[in-house]
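Good morning, and thank you for coming.

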Amino acid sequence: MTYVLAVMLGLAAGVVAGIFGVGGGILFVPALIALGLDHHDALGTSLLAIIPTVFVGTWRQSRYDNVRWRAAALLGIAAAAAAQGGVLLAEALSDATLRRLFAGLLVLVAAQIAWRARHA
């Protein structure tokens, strides 16, 4: 049953990521926690799970000429380098602290989206 639920959540997260362009982690981490993973395991698993989503989404968006390859390369290189520090920091934090910080991030993202929607 857990595998069926994981597939269903993955499909739903993929559709939402494709429609809205939101990062897979914002969708996958809460879903993986709901499936019983601790926050550290959910983060690591989410990072691996978004790889196929990234490839398919980029391939589809590039067919519409919506990908700016140079900007993507620069962002990707900087993010990959900084991710190393993020992993070290995440490993130094307790599961509860990491979960609270992630919840705060979700609240900030939701507030930003609501602000932009209201002022569009």
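First, the basis of the work. This is a predicted model, in which local features need pLDDT of at least 70 and side-chain atom pairs count only at pLDDT 80 or more, while totals for chains, interfaces and linings use all residues. Residues are numbered from 1 along each chain as its sequence is written, and side-chain values use heavy atoms, with hydrogens and water left out.

Let us begin with helix H1, residues 2–20. Helices here are DSSP runs of H or I with at least four residues, numbered from the N terminus. H1 has 19 residues and reaches 26 Å from its first C-alpha to its last, close to the 27 Å expected; the expected span is 1.5 Å times one less than the number of residues. After H1 comes Gly21, with a positive phi near 70°.

Helix H4 has 24 residues, and its reach of 34 Å is close to the 34 Å expected. At Ala83, H4 bends by about 25°, the bend being the angle between axes fitted to the seven residues ending there and the seven starting there. H4 is hardly covered, with one buried residue among its 24; buried means under 20% relative accessible area, with a 1.4 Å probe and protein chains only.

Now to the pocket. On a 1 Å grid over the protein atoms alone, a pocket is an open set of points where a 1.4 Å probe fits, with protein on both sides within 12 Å along at least five of seven lines; lining residues have an atom within 4 Å of a point. The second largest pocket has a volume of about 380 Å³, a volume being the space filled by probe spheres set on the points. Helix H3 (39–63) and helix H4 (69–92) each give two or more residues to its lining, and H4 provides the largest share, six residues. Among the lining residues are Ile50, Phe55, Leu75 and Ala83.

Finally, are Ser46 and His39 buried or exposed? Ser46, in helix H3, is buried, with a relative accessible area of 3%. Setting aside residues up to four places away in sequence, Ser46 touches Gly24, Gly25, Phe28, Val29 and Leu32, where contact means heavy atoms within 4.5 Å. His39, also found in helix H3, is buried too, at 1%. With the same exclusion, the contacts of His39 include Val29, Ile33, Asp95 and Phe102.

Terms used
Buried means under 20% relative accessible area, exposed over 50%, partly exposed in between (1.4 Å probe, protein chains only).
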